[in-house]
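Let's take a friendly walk through this model, with the structure open beside the text.

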Number of protein chains: 2
Amino acid sequence: MALLKSWIDSANSATTSFPLNNLPYGVFSVEGGPLRCGTAIGDQILDLTALEHNGVLRADADRDVLSGSDWNAFMALGAEVWGQYRAALTDLLVDGSEAQDTLAAFLVPADHATLHMPITVAEYTDFYAGKHHATNVGTMFRGAENALPPNWLHIPIGYNGRASSVVVSGTDIRRPWGQLKGPNDETPRFGPSQRFDIELEMGAIVGQPSNGPIGVDQADANIFGYVLLNDWSARDIQAWEYQPLGPFQAKATATSISPWIVTKAALEPFRCDTPEREKELLPHLRDTGPMLYDLPLSVTLNGETIARTNYKDMYYSAAQQLAHHTTSGCPMRVGDLLGSGTISGPEKENRGSLLELSWGGKEPLDTASGPRSFIEDGDTLALHGAAQGDGYTIGFGDCIGTVLPAHDDPFKG
Amino acid sequence: MALLKSWIDSANSATTSFPLNNLPYGVFSVEGGPLRCGTAIGDQILDLTALEHNGVLRADADRDVLSGSDWNAFMALGAEVWGQYRAALTDLLVDGSEAQDTLAAFLVPADHATLHMPITVAEYTDFYAGKHHATNVGTMFRGAENALPPNWLHIPIGYNGRASSVVVSGTDIRRPWGQLKGPNDETPRFGPSQRFDIELEMGAIVGQPSNGPIGVDQADANIFGYVLLNDWSARDIQAWEYQPLGPFQAKATATSISPWIVTKAALEPFRCDTPEREKELLPHLRDTGPMLYDLPLSVTLNGETIARTNYKDMYYSAAQQLAHHTTSGCPMRVGDLLGSGTISGPEKENRGSLLELSWGGKEPLDTASGPRSFIEDGDTLALHGAAQGDGYTIGFGDCIGTVLPAHDDPFKG
């Protein structure tokens, strides 16, 4: 697929993340004004709440669904509406459209806007579906022979995360306190995490509800779109707390997502197969077509690239994860967010966490900001994603966060 | 504290769970009509949505908060309003009240009403804070010497559950399918759970938000009330999936709660201390007063009592669990539900799960319905709770569910 030309010049630039082919969905405000739903087009944001209000473009004839605070009501309308709306929006913005004069009043320069959470997160689930990551972490903790848990090649392992802690890119992240106990400590103590880390992930957004087991095809159909996701992780808190019921406070400080939801439609040209299975999956978890995406990803620390990887290196797709999530009859809701798990590739420079990049702190990373085993106070970490089309790029907006020093002891007067 | 006499005779009966001392909050409907907020008083339900609408009793002068679908907006008003509202409600219902004639029109016989979810669950967290339960389960899985994980006496271990699966008492529970692999199976298979179980728990409802670490005192103040909670658990699914990230689909089929929220105020006379600490807790997790409750609990299987225990046997209080939950900065919201963990006592008959009662299936329970290791299709399980005051009883309404046979293979035709 080639670049779709728009009458908005900046959307045709070779460097934009937001050509007409993208049309990602987000929520923005201007100078403290009310929240509005919008789409990024070149260096502009088109105010879709205003278009709905003025009757220029409506997703539902009878009811406002873009009243501003999130995209949940729009998602609930279902895939047919998603497609119709995108097609109509494309018609309005395509080069030669007669809507140019009408729409000019509804465009806001992106650099005048503040971006907010694009969805209300119903619940947040985080998976562990990257084989390189699971192997790296398993090797560090259990040795190379027992790196992968026995169930790992049979089910996409996941745990429930904490939806209340999901924040939009740009939100500062406060280093957490937690209960810590090193292998040589006699007793635990309460202190700020010393091994605070990132996890480079993709987040899949569930756009349709289900109330019982669904297959991988239906799961793929129920996914609305994708965001970049950084699952901030306190490795030292996790090491002490996670047996036997999994990570809890180690992952509850914050999870950042990119401000723009890139729809499945925009990512369609980049679909690719999951890697070859090492063990055959049970029938209900087999993918029935290409359900991963060829999406180059990178991590920067204070502006310097420290890792490059690709979403296509995951072992399980989001559709497989969602299908597994429903096997027990677990009801899924509009706005559920599924983290892919850390995306690492086969080489050292493809590792999506500092835990892996510094091999548990044993091989500190040499960066322009100095050696890094884990995050230091003041560090700014950013995730980037850019699918490369034929003459265009599909981006998400960066997923960025700066780590602030821990508070003083929160329990001292 | 003695029985508070009401002008509603049935509330003064020795056998009611709903004397004037209780005033639990729930949501009901009559003959398919709209949802209403109400309180149980004797064998009646007082329609509090109607009282608000008619101006007889309002929690907020300017805004309706009991419009019917849940108690969340009421909870958000805070502890001062909780106290004022309860005092005003008590005045209306106390023996000798002049409101008797006014209120008569707003009473509904409880047996004409259908009960619904009393709150919208924001997020659901389940703990593992019963020492007898953890010791029993640990002994079965790891042997008596390693029964308790090393962190267990230092933090209330918990994991995030699935809010979408929380249902009100009376909802039928469908036996789940899941990926299963016994210790002697070569490969996993997908089938209905054969070891489906209950967990007798209390649920604490968070009524005030927090956005950073809070101490145990504040945590106790933020709890609105308690419900009975049955965390339905598929032991065979859990055994295969739970390493390394904890329970996921094994606990996602359903969690049932009792229809009535018993407020902290009603439970105040039953406060008691947590058991003696075996290891001193870090200062921020120490309770500062009696924060458990002397609350006798029981489980019936098809009407026959199979276990009796007491909430006071827990090692950690809900306040300690909530305080721990916030240590990382995790934001808590109005409507968060915290499961206590399975409540077992020291003796065999005090065990709050079939896993423990049948010792993993090795010692099937002899019941009037036949021998039971785990739940059989058609079994009705119910949790009961009744705090014994001086001449009165505080109850929750039963927490009941009947297990339906698994569907045919959900992924076949």
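Which helix of chain A holds Arg142(A)? Arg142(A) belongs to helix α5, which covers residues 131–142 of chain A. Please keep in mind throughout that this is a predicted model.

## The annotated binding site

An unreviewed UniProt entry lists five residues under "binding site": Tyr128(A), Arg142(A), Gln238(A), Tyr242(A) and Thr342(A). Two of the names on that record, Arg142(A) and Thr342(A), are described here.

Arg142(A) has a relative accessibility of 32%, so it counts as partly exposed. Leaving aside residues up to four places away in sequence, Arg142(A) touches Tyr128(A), Ala147(A), Pro149(A) and Tyr242(A).

Is Thr342(A) buried or exposed? Thr342(A) is buried, because its relative accessible area is 1% and the cut-off for buried is under 20%. This threonine sits in the loop of chain A that runs between β22 (337–339) and α10 (354–357). With residues up to four places away in sequence not counted, its contacts are Gly130(A), His133(A), Glu199(A), Leu200(A), Glu201(A), Met314(A), Gly352(A), Ser353(A) and Glu356(A). With one of these, Glu199(A), the contact is also polar: the two side chains come to 3.3 Å.

## How the two chains are related

Chain A can be superposed on chain B by a rotation of 180 degrees with 0.0 Å of shift along the axis, giving an RMSD of 0.0 Å. This is how a two-fold axis relates two copies. Within chain A, Gly246(A) has the C-alpha nearest the axis, at 2.1 Å from it. Both copies use the same surface, as 100% of the contact residues of chain A recur in chain B.

## The interface

How many residues of chain A are in contact with chain B? There are 54, and they meet 54 residues of chain B. The size of an interface is often expressed as the accessible area lost when the parts come together. Here chain A and chain B bury about 5200 Å² between them, with 61% of it on carbon and sulfur atoms. Arg162(A), Leu245(A) and Phe248(A) contribute 16% of the area that chain A buries against chain B, more than any other three residues.

The rule finds four salt bridges across this interface. Arg162(A) takes part in a salt bridge with Asp336(B), their side chains meeting at 2.5 Å, N to O. Between the chains there are also 25 residue pairs in polar contact. On the side of chain A that touches chain B, the elements giving two or more residues are β6 (124–127), β7 (158–160), β10 (177–180), β11 (189–192), α7 (235–241) and α9 (318–325). The most comes from β7(A), with three residues.

## Salt bridges within the chains

Side chains of opposite charge can pair when their charged atoms come close. Over all chains, the structure holds 34 salt bridges. One of them joins Arg235(A) to Asp197(A), with the closest N and O atoms 2.9 Å apart. Arg235(A) lies in helix α7 and Asp197(A) in strand β12 (residues 196–197), so distant parts of chain A, 38 residues apart, are linked. Arg235(A) is buried at a relative accessible area of 9%, and Asp197(A) is buried at 0%.

In chain B, Asp47(B) and Arg36(B) form a salt bridge whose closest N and O atoms are 2.8 Å apart. Asp47(B) is in strand β3 (residues 44–47) and Arg36(B) in strand β2 (residues 36–41), so the pair ties together parts 11 residues apart in sequence. Asp47(B) is buried at 9% relative accessibility, whereas Arg36(B) is partly exposed at 23%.

Lys348(B) and Glu363(B) supply another pair, their side chains meeting in a salt bridge at 2.9 Å, N to O. Lys348(B) is in the loop between β22 (337–339) and α10 (354–357) of chain B, and Glu363(B), 15 residues apart from it, is in the loop between α10 and β23 (365–367). Both partners are partly exposed: Lys348(B) at 38% relative accessibility and Glu363(B) at 37%.

## A buried loop residue in chain B

Ser193(B) occupies the loop between β11 (189–192) and β12 (196–197) of chain B. Its relative accessible area is 0%, so Ser193(B) is buried. Beyond residues up to four places away in sequence, Ser193(B) touches Arg175(B), Pro176(B), Trp177(B), Ala234(B), Asp236(B) and Ile237(B).

Key: Residues are numbered from 1 along each chain as its sequence is written. Chains are lettered from A and ligands numbered from 1 in the order in which they are written. This is a predicted model: local features need pLDDT of at least 70, side-chain atom pairs count only at pLDDT 80 or more; totals for chains, interfaces and linings use all residues. Side-chain values use heavy atoms; hydrogens and water are left out. UniProt positions are given in the numbering used here, feature names are shortened, and annotations may be inferred rather than shown by experiment. Helices (H or I, at least four residues) and strands (E, at least two) are DSSP runs, numbered from the N terminus. Buried means under 20% relative accessible area, exposed over 50%, partly exposed in between (1.4 Å probe, protein chains only). Contact means heavy atoms within 4.5 Å. A polar contact is a pair of N or O atoms within 3.5 Å; within protein, one must be able to donate a hydrogen and the other to accept it, and residues adjacent in sequence count only if both atoms are side-chain atoms. Copies are superposed by least squares on the C-alpha atoms of residues with pLDDT of at least 70 in both. Buried area is the accessible area (1.4 Å probe) that two parts lose on being put together, summed over both.
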